[in-house]
Amino acid sequence: MSEKQMNEEENKRLGQMIFALARGDISALESIYTMMSKLLYAIGNAHFKQKADIEDAIHDLLILLYRNAHKFRKNKNACAWIVKMFQNSIRSRLRRCRTETEYLAAHAHAAAACEGKDDLKYIENHLFIRQIFEKLTDYEQDLMIYRYWGDLSIREVAEILEKPKSTVESQLKNLEEKIRKFRIHIQNF
C-alpha cells in the first residue's frame with residue numbers, strides 16, 4: 001500500500017480531528033496537516049509547479065477547514081471531504097489567474113532554478129501538459145489527479161467521487177485511451 005493511501009483507522013482519526021476543530025481545538029489543524037500533507041502536496045503539484053503556490057493553496061485549505069469544520073458530518077469520508085474542498089479551492093485560485101501565459105511569465109524565473117532546464121524548454125513542456133490537461137473535463141482532471149498524481153488506489157478514488165469501483169476502473173481506462181490519442185494527435189501536428 002502506498003504511503004499516501006489512508007486506511008480506515010486513519011480516516012476515522014482524521015474525522016475525529018475535524019470534529020475537534022469544529023469544537024474550537026486549533027491544534028487539530030496541525031494534526032490534520034501532518035496526516036494529509038503528502039497527499040495535498042501531490043494534488044497541488046498537479047496544478048502548480050512552484051512550491052510556494054502549493055503551500056499557499058494548502059494554507060487556503062487550512063483556513064477553509066477552520067471555517068467549515070462544523071459542516072462535516074459523522075458518516076462522511078474525512079479524507080474525501082478534505083480533498084474535495086482542496087480541489088475546489090485550487091480551481092478558484094486558478095480562475096483568478098488571468099491566462100496561462102501570464103502565469104508562466106510570472107513564474108518563468110523558477111525554471112532557471114531547475115537543474116539543467118532552460119526557461120524555454122520548461123515553458124514548452126508545461127504548455128504541452130496544460131494543453132492536454134485542458135482538453136479534459138473537470139471530472140477527468142479529478143480522476144487523473146487523484147489516481148496518478150495523488151497516487152490513490154482505485155478504491156480510494158471511488159470513495160472520493162462516490163462512484164462504484166468498477167465504474168472508476170472503466171473511466172480510468174477510457175481516460176488513458178483519450179490521453180494517448182490526444183498526445184499522438186498533438187505530436188503529429
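Colleague: Why is E140 counted as buried?

Modeller: Its relative accessibility is 16%, and buried means under 20% relative accessible area, with exposed set at over 50% and partly exposed in between, for a 1.4 Å probe and protein chains only; E140 therefore counts as buried. The model is predicted, so local features need pLDDT of at least 70 and side-chain atom pairs count only at pLDDT 80 or more, whereas totals for chains, interfaces and linings use all residues. Residues are numbered from 1 along each chain as its sequence is written, and side-chain values use heavy atoms, with hydrogens and water left out.

Colleague: What makes E140 and K178 a salt bridge?

Modeller: The closest N and O atoms of E140 and K178 are 2.8 Å apart, and a salt bridge requires a side-chain nitrogen of Lys or Arg within 4 Å of a carboxyl oxygen of Asp or Glu, so the pair qualifies. Because E140 lies in helix 7 and K178 in helix 9, the pair ties together parts that are 38 residues apart in sequence; helices here are DSSP runs of H or I with at least four residues, strands are E runs of at least two, and both are numbered from the N terminus. K178, with a relative accessible area of 33%, is partly exposed.

Colleague: How do you know that K51 and E55 form a salt bridge, and where do they lie?

Modeller: Their closest N and O atoms are 3.9 Å apart, which is within the limit for a salt bridge. Both residues belong to helix 3, four residues apart, about one turn of the helix. K51 is called exposed because its relative accessibility is 55%, while E55, at 35%, counts as partly exposed.

Colleague: Why is E162 called exposed, and which residue does E162 pair with?

Modeller: E162 has a relative accessible area of 57%, and is therefore exposed. E162 forms a salt bridge with K76, the closest N and O atoms being 3.8 Å apart. This pair links distant parts of the chain, K76 in the loop between helix 3 and helix 4 and E162 in the loop between helix 8 and helix 9, 86 residues apart.

Colleague: What makes a set of residues a nonpolar core, and which members touch the most others in the largest one?

Modeller: A nonpolar core is a set of buried Ala, Val, Leu, Ile, Met, Phe, Trp, Tyr and Cys residues joined through side-chain atoms within 4.5 Å. The largest has 48 residues, of which I32, M36, L65 and I82 touch the most other members. Helix 4 gives the most to this core, with nine residues.
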